Amino acid sequence: MGLNNVHHSFEHLPDPLETLIYVSNLLNRSGTCLIRIPTVSSYAWEYYGVNWVGLDAPRHLFVHSIESMNLLVEKANLYIFDMYYDSTGFQFWGSEIVSRGIPVIPTLYRTNPLAYLLSRHKIAKFTKKARELNIANSGDQVVIYLNKR
């Protein structure tokens, strides 16, 4: 199964600690677990608050901070050995849409973000800002690599 088939599922699970304990029991000492999630440890969350598109309520049951992930993985006998931010301009233009009370329709935004009346120039600025935030570890999506303690 490819990475695109398994990412961004952790935030949908009803018991993240139970899941991490299960993962810990499955991993051997050389095994790695990759988790890719939205995070409130981000500029977008601070800026947009409840209008941040990454909240995606009620589909996202939990949206973690880096601190909450550290606490969970420690309780599951795991540790974060690496992570990087991989957010996109969607954190901004999606949040702008949510702020306007317009529903975000995933199939539409993936194929035609301009359908939401955002200019190409504005979307390009959002993409550039996302790259800068990823470098500064402040993007709204993070890839976390876990190993067993």
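**View 1. The salt bridge between Asp86 and Arg36 in a predicted model.** Asp86 and Arg36 form a salt bridge, in which the closest N and O atoms lie 2.4 Å apart; the term is used for a side-chain nitrogen of Lys or Arg within 4 Å of a carboxyl oxygen of Asp or Glu. The pair links distant parts of the chain, 50 residues apart, with Asp86 in the loop between β2 and α4 (90–99) and Arg36 in strand β1. Helices (H or I, at least four residues) and strands (E, at least two) are DSSP runs, numbered from the N terminus. Asp86 is buried, with a relative accessible area of 16%, and Arg36 is buried as well, with 17%, where buried means under 20% relative accessible area, exposed over 50%, and partly exposed in between (1.4 Å probe, protein chains only). The model is predicted, so local features need pLDDT of at least 70 and side-chain atom pairs count only at pLDDT 80 or more, while totals for chains, interfaces and linings use all residues. Residues are numbered from 1 along each chain as its sequence is written, and side-chain values use heavy atoms, with hydrogens and water left out.

**View 2. The other salt bridges.** By this rule the count comes to 3 salt bridges. Arg59 forms one of them with Asp56, with the closest N and O atoms 2.6 Å apart; Arg59 counts as exposed, at 51% relative accessibility, whereas Asp56 is partly exposed, with a relative accessible area of 26%. Glu132 forms a salt bridge with Lys128, and here the closest N and O atoms are 3.4 Å apart. Glu132 and Lys128 are separated by about one helical turn, because they are 4 residues apart in helix α6 (residues 120–135), and Glu132 is partly exposed, with a relative accessible area of 39%.

**View 3. The largest nonpolar core.** A nonpolar core is a set of buried Ala, Val, Leu, Ile, Met, Phe, Trp, Tyr and Cys residues joined through side-chain atoms within 4.5 Å. The largest one has 18 residues, of which Leu20, Ile35, Met69 and Leu146 touch the most other members. At least two residues of this core come from each of α1 (16–26), β1 (33–38), α3 (66–75), β2 (78–85) and β3 (141–148), and α3 gives the most, with 4 residues. Leaving aside residues up to four places away in sequence, Leu146 touches several residues, including Leu20, Cys33, Ile35, Val73 and Phe81, with contact meaning heavy atoms within 4.5 Å. A second, separate core of 13 residues includes Tyr48, Trp52, Val53 and Phe126.

**View 4. The lining of the second largest pocket.** The second largest pocket is lined by 13 residues, of which Ser9, Phe10, Cys33, Leu34 and Ile35 lie nearest its centre. On a 1 Å grid over the protein atoms alone, a pocket is an open set of points where a 1.4 Å probe fits, with protein on both sides within 12 Å along at least five of seven lines, and lining residues have an atom within 4 Å of a point. The elements that give two or more residues to this lining are α1 and β1, and the largest share, 4 residues, comes from β1. Ser9 is found in the segment before α1 and is partly exposed, with a relative accessible area of 37%. Ser9 and Ile35 are 26 residues apart in sequence and 8.2 Å apart in space, C-alpha to C-alpha.
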